[in-house]
Amino acid sequence: MTRLQHFGWFFSRGFGPQGWGHPYREWNHDWTKPALYQQSVRELEQAGLDLVIMEDALSLGSPETLDLRVRGAYGGPKHDPLMLTPYLFAATSRIGIAPTINAGAYPPYLAARQFATLAHLSDDRFGLNLVTDTGSARHFGLPALGHDAAYDRADEWMAVVRRLWHSWGEEALVADPSTGRFADGAALDAFRHQGEYFDVAGPLNAVPFERGDPVVVSPGGSARGLAFAGTQSDVQLALAPLDARSVRDYRARILGAATERGRTASDIRVLFVVKPEIVPSREEAVRVVEASRHPSDDVLRAIALGQSSDLETDLTTLDLDRPVDPAVFGEHVSHGSIKGLLGGAGSFADATLRELLTVKARKGLVSERAGFVGTADEFADFVEELGDDGGSDGMIFSGDLHPVTVHRMLDELVPVLRRRGVLRQELGDGGLRGNLFDF
C-alpha cells in the first residue's frame with residue numbers, strides 16, 4: 001500500500017533569469033527582486049511541498065567558457081541564493097528553504113554561525129544543499145581539488161560545522177532572569193580543530209537549536225557522493241532510471257551507506273528528481289512524445305548548450321556526428337553530470353554526440369514508464385507505484401521558480417495526489433526536519 005510521500009521543488013535555474021528563453025518571460029517579473037520568488041514559494045507551501053532547494057553555481061566558468069555559460073543564461077548570471085533565503089522565509093510560515101552551499105566557499109565558523117542564525121530566524125526551516133564543486137576555487141584563492149578530495153574536504157567541513165553547532169553543552173544555556181545568569185562558560189566546548197583542510201577554534205557564538213540541526217541535502221551520485229550522503233545527509237537528491245526496481249535499488253544503496261556508518265534507515269530521506277509534463281489527455285501526451293522523436297539540429301544545439309553549462313565543457317563546438325572524446329572533460333567535472341550525458345550508452349565510444357543529444361530531446365509517456373509526459377492521473381499512478389511497499393520516500397519537482405512553471409506543473413497534479421492520499425493536506429509546524437521526518 002502506498003504511504004504518504006514527501007515532495008519538494010528544485011529551483012533548477014538558481015537565482016538567475018527566471019523565464020529566459022520561454023514565452024512567460026513576458027509576464028515582466030523582475031528576476032533580481034524577491035517578489036517573483038515570494039509569490040512562487042507561497043504557492044508551493046499552499047500545495048503542501050516540504051521544501052524548496054535552490055541550485056547555485058559560484059562561477060561563470062573558465063575564461064574559455066564564459067560566453068557559453070551566459071549566452072543562454074544556463075550557467076549565469078546567478079545571484080546568491082543564501083541572500084534570497086530570508087525573503088522567502090518572510091513570505092511563508094511552514095515550508096523549508098535549502099540554498100546550495102559550496103563547502104569550499106564558506107569558512108566553517110562563518111557557515112555555522114550564519115546557518116544557525118537563519119535556523120533561529122525561520123523557526124528551524126533552514127536547510128543547506130551541500131555541494132563540492134571546485135571549478136570556482138580560483139575565485140577564492142583555494143586549490144582546485146579532484147572529485148574525491150573535494151568530498152574529503154566537505155566531510156571535514158561538515159564535521160567541524162556540526163561540532164560548532166554542538167559546542168554549547170546541554171547545561172550551557174541557563175537564561176535564568178532570577179539569578180541574572182545567561183550562560184555557563186564552563187559548559188562551552190572551546191575546542192581546536194586542526195585538520196587536513198581547516199584550522200578552526202570553537203565555541204560558536206550562537207545559541208543551540210531546540211529541534212535538531214539544520215537539514216543537510218546532498219546531490220552526489222558517484223560512489224564517493226553516496227558515501228558522503230550516508231555519513232552526512234538528511235536528504236539525498238536521487239537521479240536514477242525511474243522504474244520501481246531501479247528506485248528501490250538506489251534507495252537501498254543510500255540506506256546501506258547510512259547504516260554502515262552507524263545511522264538507521266529512518267535517518268535519511270531519498271527523494272527522486274523529476275520534471276513532469278502534465279497534459280490534459282492521453283491523446284495530447286502521445287502527440288507531444290511523437291513530436292520529440294525527430295529533433296532538428298537547432299533543438300540539438302540548444303540541448304548541447306544546456307549540457308555544456310552543467311559540464312563546464314563546450315559541446316557546441318564538437319562534431320554532432322562523431323563520438324565525444326572523454327578527455328574533453330576536466331577532473332573537476334561532476335561524474336554524475338558526465339553519466340547524465342551518457343544516458344544509457346555504455347561508453348562515449350558507443351554513440352555519436354547527435355545520438356546522445358537525440359536521446360535527451362526525446363520524451364516518453366509516463367503511462368509506459370518511458371518518460372514524464374502524461375495526465376495528472378497517469379503521473380499519480382507512477383508516484384503510487386514507486387511508493388508501494390516503501391520503495392520511495394518521495395519526489396522533487398524540477399523547474400524555474402516562476403508562477404507559470406509552478407502552476408503548469410502542479411495545478412492538476414496536486415488535487416489528484418491529495419485524493420490518492422500521497423500528498424499531505426498541509427505542512428506541520430515542526431520546522432523542516434519535522435516536516436521531513438514526521439512520517
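Student: This is a predicted model, and I would like to begin with helix 6: how many of its residues are buried?
Tutor: Among the buried residues of helix 6 are Arg-224, Leu-226, Phe-228 and Gln-232, where buried means under 20% relative accessible area. Helix 6 is mostly covered, and the number of its 10 residues that are buried is 8.

Student: At what angle does helix 5 run to strand 4?
Tutor: Helix 5, which spans residues 147-165, lies across strand 3 (96-102), strand 4 (127-131) and strand 9 (215-218). Its direction relative to strand 4 is given by an angle of about 155°.

Student: In what order do the strands of the closed barrel run?
Tutor: The barrel is closed and is made of 8 strands with parallel pairing, and its neighbouring strands are turned by 25° against each other on average, direction ignored. One of its pairings joins strand 10 (residues 235-238) to strand 11 (residues 269-274) over 4 bridges, with Val-235 standing opposite Arg-269. The order of the strands is 1-2-3-4-9-10-11-14.

Student: Which residue of strand 14 is the bridge partner of Phe-11?
Tutor: Strand 14 pairs in the parallel sense with strand 11 over 4 bridges, and there the bridge partner of Val-274 is Phe-397. Strand 14 also pairs in the parallel sense with strand 1 (residues 6-11), over 6 bridges. In that pairing, the partner of Phe-11 is Gly-399.

Student: Why is strand 14 largely enclosed by the rest of the structure, and which residues point each way from it?
Tutor: In a regular strand the side chains alternate between the two faces of the sheet. Strand 14 (residues 394-399) is largely enclosed because 6 of its 6 residues are buried. Pointing one way are Gly-394, Ile-396 and Ser-398, and pointing the other way are Met-395, Phe-397 and Gly-399.

Student: Which residue takes a positive phi in the hairpin of strand 5 and strand 6?
Tutor: Strand 5 (residues 173-176) and strand 6 (residues 181-183) run antiparallel and are joined by 2 bridges, with Leu-173 having Ala-183 as its bridge partner. The hairpin has 4 residues between the strands, and the residue with a positive phi, near 75°, is Gly-180.

Student: Within what arc do the buried residues of helix 10 fall?
Tutor: The buried residues of helix 10 (residues 335-342) are Ile-338, Leu-341 and Leu-342. Seen down the helix axis they line one face of helix 10, because they fall within an arc of 105°.

Student: Which helices do the buried residues of helix 10 pack against, and at what angle do the axes of helix 9 and helix 11 cross?
Tutor: The buried residues of helix 10 pack against helix 9 (297-311) and helix 11 (353-361). Residues of helix 9 including Leu-300 and Ile-303 meet residues of helix 11 including Leu-357 and Ala-361, and by class this contact has 6 nonpolar, 2 polar and 3 charged residues. The axes of helix 9 and helix 11 come within 9 Å and cross at roughly 90°.

Note on methods: Residues numbered from 1 in each chain as written. Predicted model: local features only at pLDDT ≥ 70, side-chain atom pairs only at ≥ 80, totals over all residues. Heavy atoms only, no water. Buried < 20%, exposed > 50% of the residue type's maximum accessible area, 1.4 Å probe, protein only. Arc of directions from axis to C-beta. Contact = heavy atoms within 4.5 Å. Pairing = 2+ DSSP bridges. Axes fitted to C-alpha atoms, helices over the stretch in contact; angles between N-to-C directions. Nonpolar A, V, L, I, M, F, W, Y, C, P; charged D, E, K, R; others polar.
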